[in-house]
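Here is a brisk report on one protein model. It runs from the overall fold to single residues.

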Amino acid sequence: MTLRTRLTLGLLTIAVILLVPLLLATRSLDRLHREAKALRDRDFAASLMLGRLRDALNDMRSAELALLFVRDEKSRTGMTEQVRAVEALADSLGAYQLERTTREVRAATATVESGAQAEFEAVTSRREPAAELISSKQVVPAITRADAAVRSAERTLRDRTRERVANATSAAKNGWTAAIVGLVLALLVAAGIAVRLTQSVSRPVQELERGMRLVADGEFDATLAISPNRADEFGRLAASFAEMSRQLAELDRLKAEFVSVASHELKTPINVILGYAQLLREGLYGPQTDGQRKVAAVLEQQAQTLSRLVKQLLDVTRLEAGVAKLDIRPVQLTKMLKELEQAFRVLADQRGIRFHLMLHDGTPEVVNWDHDRINEVLGNLLSNAFKFTERGGEVELTVFPVEDGIQMDVHDTGAGIPPEQLPRVFEKFYQADNQAAAAHGGTGLGLAIARQIVEAHNGSISVESTPGVGTVFTIVLPERVSSRRSAGKNQPATADVG
């Protein structure tokens, strides 16, 4: 599945999940709407109908009194009309689920109708006691029963309305609860899907970023935790990354091979030039004028410079390729440092620079290092310190034990290095902008070689500097190193820390 398809499906899934709370809320609102409509169309209409029926029963009472006392045909007709009106209203109650009330009122009106007929006949026959007896024993009780049925229907309607209101309230509350719970669950599920989608994109991107960072640091054998067989864009990127790393590794190998071959080829003619210059200086080919001696001295000096450059090129090439052997053996650390101090003491006196060696308590007497290589690293750092420190300045070599082994700091009060250039000082052929303050120029290979030697010892080298204040180079080395071969940038180190 491609990344685009995965993102599309994920977004559609999130959209569908977020619709669930909306559907729940819509369902609850629909139920609430039905309850409200029932209240409006049934219970409210039924309440109005019962009110009209009560008014009709009151009119029936008035018509019965008129029938008893007026005693004419009009009052009899009015009574009959009121009975028919009450019957019509009672029949209408059936549409509102009040059939019992309809039956009771119809039975009462039938009694009222027959009683009213008998009452009218008794009145017209001048039998007032009989008419009053019919009214009190038959007609009035029947109207009272109908009125009681109406009151009972009103109580039933109130109970039903109360139930519908409770149902509507419950529906609204349940709908709100369901909507909130559904929304929370939907958000949680949507968040889970979003996190999963983000991880499916961010993790490969981070892995690619890590791989590119390793390649930028020169580790061309870096591999990705992404299968190039993946059927998405990241699989194609992983395949492209692997091919790019392979080609860069091959180019780096060819470059190192070229530098090594070229350096070997340069050594012979340089040695020949150096040899002949020395012979000229020694007068083997006859006496020389002052000018010839100066030319011979310049030739010898430049040949020696070229010889050092070729040696450094060979060293850095071998160290990077991982083929330079380290002569690891027990080293009398104090003795080595004292000899180094003695070697630079003359230079310090000549240049008027204060030079100190600080050996802290607890520094081991014996370490397992390559004596010549570490001596070369410290000599290079001290040479740089003296080169960039003006007369009256100070250079200090401090050695003390740390948790990871032994730390050696080379501190000077020289020109310093600009902050933006510090990350590049260990690159080959790189020279900072402080060269104007140097007593003499360099090749830009010394610090690159120093870093390779230190890393071959499973150590680390770093630098801190403040322009105009000074520079501190820090080396941390394990006390014991068992590796016999340097670890180049394209192969893992095999040194063990004792």
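## Overall fold

Of the protein's 498 residues, 39% count as buried. The model is predicted. Nine helices and seven strands make up its secondary structure. Among contacts with a separation of 6 or more, 73% join residues 24 or more positions apart.

## Helix H3

Helix H3 covers residues 99–124. Its 26 residues should span 38 Å at 1.5 Å a residue, and the end C-alpha atoms are 37 Å apart, so the two values agree.

Which residues of H3 are buried? They are Thr101, Thr102, Val105, Ala108, Thr109, Val112, Gly115, Ala116, Glu119, Phe120, Ala122 and Val123. In an α-helix, residues three or four places apart point the same way, because there are 3.6 residues a turn.

## The H2–H3 pair

Helix H2 spans residues 73–92. The axes of H2 and H3 come within 9 Å and cross at roughly 170°. An angle over 145 degrees counts as roughly antiparallel, and H2 and H3 are therefore roughly antiparallel to each other.

The H2 side of the contact consists of Glu73, Arg76, Met79, Val83, Arg84, Val86, Glu87, Ala90 and Asp91. They meet Thr102, Val105, Arg106, Thr109, Val112, Glu113, Ala116, Gln117 and Phe120 in H3.

## Leu67

Leu67 sits in helix H1, which runs over residues 3–69. Is Leu67 buried or exposed? Its relative accessible area is 1%, so Leu67 is buried.

Beyond its neighbours within four places in sequence, Leu67 contacts Ser75, Arg76, Met79, Ala116, Glu119, Phe120 and Val123. Arg76 and Met79 are among the H2 residues that meet H3. Glu119 is 52 residues from Leu67 along the chain, yet their C-alpha atoms are separated by 8.0 Å.

## Nonpolar cores

The largest nonpolar core has 44 residues. Trp369, Leu378, Leu397 and Ile475 touch the most other members. Helix H8, residues 371–388, gives the largest share of this core, with seven residues.

What does Leu397 touch, not counting residues up to four places away in sequence? The partners are Leu337, Leu340, His356, Leu357, Met358, Leu378, Leu382, Asp409 and Val410.

## Glu341

Glu341 belongs to helix H7, residues 333–351. Its relative accessibility is 17%, so Glu341 counts as buried. The cut-off for buried is under 20%.

The side chains of Glu341 and Arg345 are joined by a polar contact of 2.8 Å. Glu341 also touches Phe355 and Leu357, with residues up to four places away in sequence left out. Leu357 is also one of the residues touched by Leu397.

Arg126 is not a glycine, but has a positive phi of about 70°. With a relative accessible area of 65%, Arg126 is exposed.

Asn458 is another residue other than glycine with a positive phi, near 60°. Where is Asn458 found? It lies in the loop between helix H9 (446–456) and strand S6 (460–466). Asn458 counts as partly exposed, at 25% relative accessibility.

How values were computed: Residues are numbered from 1 along each chain as its sequence is written. This is a predicted model: local features need pLDDT of at least 70, side-chain atom pairs count only at pLDDT 80 or more; totals for chains, interfaces and linings use all residues. Side-chain values use heavy atoms; hydrogens and water are left out. Helices (H or I, at least four residues) and strands (E, at least two) are DSSP runs, numbered from the N terminus. Buried means under 20% relative accessible area, exposed over 50%, partly exposed in between (1.4 Å probe, protein chains only). A polar contact is a pair of N or O atoms within 3.5 Å; within protein, one must be able to donate a hydrogen and the other to accept it, and residues adjacent in sequence count only if both atoms are side-chain atoms. Contact means heavy atoms within 4.5 Å. The expected span of a helix is 1.5 Å times one less than its number of residues. A nonpolar core is a set of buried Ala, Val, Leu, Ile, Met, Phe, Trp, Tyr and Cys residues joined through side-chain atoms within 4.5 Å. Axes are lines fitted to C-alpha atoms, for helices over the stretch in contact, and angles run from 0 to 180 degrees between N-to-C directions. Angles under 35 degrees count as roughly parallel, over 145 as roughly antiparallel, 65 to 115 as roughly perpendicular and the rest as oblique.
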